[in-house]
Amino acid sequence: MAKRKIYLENIPLAEALERWWKKLKEAGLDKPLAGERIPVDNSLGRVTAEAVSAKISSPFYHASAMDGYAVRFADTFGASETKPKRLRIGKESVYVDTGDPMPEGFDAVIMIEDVNIITPSLTLPPHRPRSAKRGGRGGGQGWGEEFIEIIEPATPWQHVRTIGEDIVATELILPENHIIRPVDIGALLGGGITEIVVRRKPKVVIIPTGTELVEPGAELKKGNIIEYNSRILGGMVEEWGGEAIRIKPVPDDYDAIRKAILEAIEIGDIVVINAGASLGSEDFTASIIEDIGEVIIHGVAIRPGKPVILGLMNKKPVVGIPGYPVSAFLTFRLFVKPLIYTCQGRTVPPEERIEAKLSRQVASPLGQEEFLRVKLGEVGGKLIATPVSRGAGVLMSLVRADGIVRISAQSEGLAAGSEIEVELLRQKADILNTIVCIGSHDNTLDLLANYLKKRYPEMSLSSAHVGSMGGLMALKRGEAHLAGTHLLDEETGEYNIPFLKRLLTEKKIVLVNLVYREQGLLVLRGNPKGIEGFEDLQRDDVIFINRQAGAGTRLLTDKSLKELGIELREVKGYDHEEYTHMGVASAVLSGIADTGLAILSSAVALDLDFIPVAKERYDLAIPEEFYNSEMIKRLLDIIRDDEEFRSHVLALGGYDISDMGKVIYKG
């Protein structure tokens with residue numbers, strides 16, 4: 001095995017892109033791929049590799065544009081209401097359907113509704129004529145010849161589609177580098193084109209690496225990681241018009257990875273190695289690229305995604321991207337997306353951007369350009385951006401995000417209330433139909449979001465979990481439509497109302513109950529450490545996991561400890577925080593902590609034991625200005641009247657819905 005090389009740069013993004021594309025141009029990789037001939041029927045979404053001209057005209061004959069009678073326009077001169085004109089059917093007029101070829105010598109069509117059919121014996125209302133009959137009718141009387149009668153003259157080529165009306169033979173149908181749409185396919189076929197030369201789809205070979213990787217559905221053992229990054233990246237390739245070729249996961253072995261890269265170079269136009277880009281003992285990507293090609297850049301001053309590797313092998317781009325999913329997603333968009341578009345002769349379409357107001361302060365390290373994921377919603381005519389989790393391994397931050405905010409490498413962060421530019425990941429129309437809920441987390445909010453989407457597909461509920469106090473402050477700043485809250489006032493023993501009166505004196509708030517719920521200490525099945533209550537948090541062998549400051553659960557924890565006379569510093573893990581009840585449950589299940597305070601439904605979800613502490617009221621605080629809006633009405637209709645939703649809440653366990661939807665307070 002070759003020796004692993006240790007190096008990592010910190011090149012500014014703009015400089016990295018400039019150096020990267022300079023090398024690509026020198027290698028002739030800034031040009032589109034050659035074309036391939038395919039059936040027009042299979043060309044949707046492909047890019048033309050040459051100009052396409054019509055082989056035939058469309059229509060290629062003079063065709064009737066209406067149901068009616070073909071005539072010679074000169075024969076219709078003089079027709080008027082006072083002097084109707086008759087034309088003999090079969091000689092001076094011929095019936096035609098829409099699309100029929102015009103009879104030789106005829107040059108106009110009169111619509112069927114503009115003629116009367118005349119026979120020797122009676123006048124028929126406008127219709128398609130019966131075949132003329134010779135012979136008896138009743139007593140043997142013949143019908144004779146039929147005529148059409150008109151009351152105005154026709155104009156030349158009236159209601160006639162002339163040869164080449166749509167497409168003229170040799171006319172340019174599509175230029176080179178055109179993305180073929182459904183209407184283009186129709187025009188091509190109409191112009192006599194059945195095959196077309198399009199840009200070959202760039203083949204992007206994706207090599208996931210890591211001994212710990214297993215395929216989805218495999219039996220999982222501790223240390224295993226389900227390999228899904230290549231599916232994400234492959235989907236992005238297909239979305240951008242390329243062809244993704246996914247290789248099975250390759251273990252962390254220099255020779256195995258080297259072999260996979262060499263094979264990929266033979267079959268692909270672009271090679272992407274996922275993971276192994278950093279400086280770990282089993283990160284071989286940079287060494288392999290350097291040994292058999294050229295490393296142009298290793299390390300870009302971005303967050304997340306710094307360890308990205310940009311290189312060349314056999315005049316083909318080779319990109320090593322980090323293994324964390326968010327890092328992989330962002331670096332792939334920055335460095336591989338433009339390559340895929342260039343191979344097709346296309347330019348990357350500009351991302352839709354909007355201006356928004358940042359809901360809370362964000363600190364960011366100097367020297368790195370950060371890509372901050374945010375949720376968006378329109379509140380009171382203002383677009384509000386709320387940051388989601390910033391971890392490079394938190395894939396759900398991308399699932400939940402509506403957009404990305406770039407924080408300059410020269411900035412130490414953004415202040416709350418800052419006007420920011422957001423690069424959208426969703427359609428703006430979807431964002432404008434989003435209800436913004438900021439505050440305490442509860443599992444019923446996730447259910448509510450699903451039922452809202454189920455009942456009203458155009459709508460969404462966006463939840464940001466910053467704690468009850470943070471939610472009320474968001475309402476005060478006009479940054480949310482509603483806030484989940486369960487704040488217990490120690491003096492009165494009352495939930496939420498005292499805090500609304502103290503903190504939101506300038507706003508009228510409607511407080512609606514969602515649920516009553518049980519809070520308790522979560523422990524592993526069987527309670528291996530014999531934890532009975534908060535008094536056990538003083539023990540040296542018990543590690544606690546807390547909720548963030550401002551959360552109602554945090555206040556309940558502090559109140560319980562205070563009543564027992566336990567100092568906060570005596571609780572091991574008190575400063576280790578999670579932002580959701582499920583986060584606390586996950587920490588206990590995974591062994592990060594021995595116990596934490598959370599709701600019963602989170603214990604049920606992860607099969608943990610539960611030590612009851614308190615039953616509390618969880619409400620939704622809604623500013624009066626939004627309470628009667630159509631969006632909130634729909635949400636409340638589900639809460640109050642949707643029996644399926646209510647049954648689903650009860651099935652979670654630990655909930656009392658006796659007051660669900662009831663207005664608790666107005667003020």
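Q: In which strand does Leu461 lie?
A: The model is predicted, so local features need pLDDT of at least 70 and side-chain atom pairs count only at pLDDT 80 or more, while totals for chains, interfaces and linings use all residues. Residues are numbered from 1 along each chain as its sequence is written, and side-chain values use heavy atoms, leaving out hydrogens and water. Strands are DSSP runs of E with at least two residues, and helices are runs of H or I with at least four, both numbered from the N terminus. Leu461 lies within residues 460-465, which form strand S31.

Q: Is Leu461 buried or exposed?
A: Buried means under 20% relative accessible area, exposed over 50% and partly exposed in between, with a 1.4 Å probe and protein chains only. The relative accessible area of Leu461 is 10%, so the residue is buried.

Q: With which residues is Leu461 in contact, leaving aside its neighbours within four places in sequence?
A: Contact means heavy atoms within 4.5 Å. With those neighbours left aside, the partners of Leu461 are Ile435, Cys437, Leu445, Leu448, Ala449, Leu452 and Leu635.

Q: Why is the pair of Phe60 and Tyr61 edge-to-face?
A: Rings of Phe, Tyr and Trp (its six-membered ring) pair if their centres lie within 6.5 Å; planes under 30 degrees apart count as stacked, over 60 as edge-to-face and the rest as tilted. This rule gives a count of 6 aromatic pairs. The centres of the Phe60 and Tyr61 rings are 5.1 Å apart, and the pair is edge-to-face because the planes stand at 85 degrees.

Q: How many residues apart in sequence are the parts tied together by the pair of Trp240 and Phe332?
A: Trp240 and Phe332 form a stacked aromatic pair, with 5.6 Å from centre to centre and 20 degrees between the planes. Both Trp240 and Phe332 are buried. Trp240 belongs to the loop between helix H3 (229-239) and strand S17 (243-246), and Phe332 to helix H6 (residues 325-343), so the parts tied together are apart in sequence by 92 residues.

Q: How many nonpolar, polar and charged residues are in the contact of H1 with H6?
A: In this contact, Leu13, Leu17, Trp20, Trp21 and Leu24 of H1 meet Leu334, Phe335, Pro338, Leu339 and Thr342 of H6. Ala, Val, Leu, Ile, Met, Phe, Trp, Tyr, Cys and Pro count as nonpolar, Asp, Glu, Lys and Arg as charged, and the others, Gly among them, as polar. The residues of the contact divide into 9 nonpolar, 1 polar and no charged.
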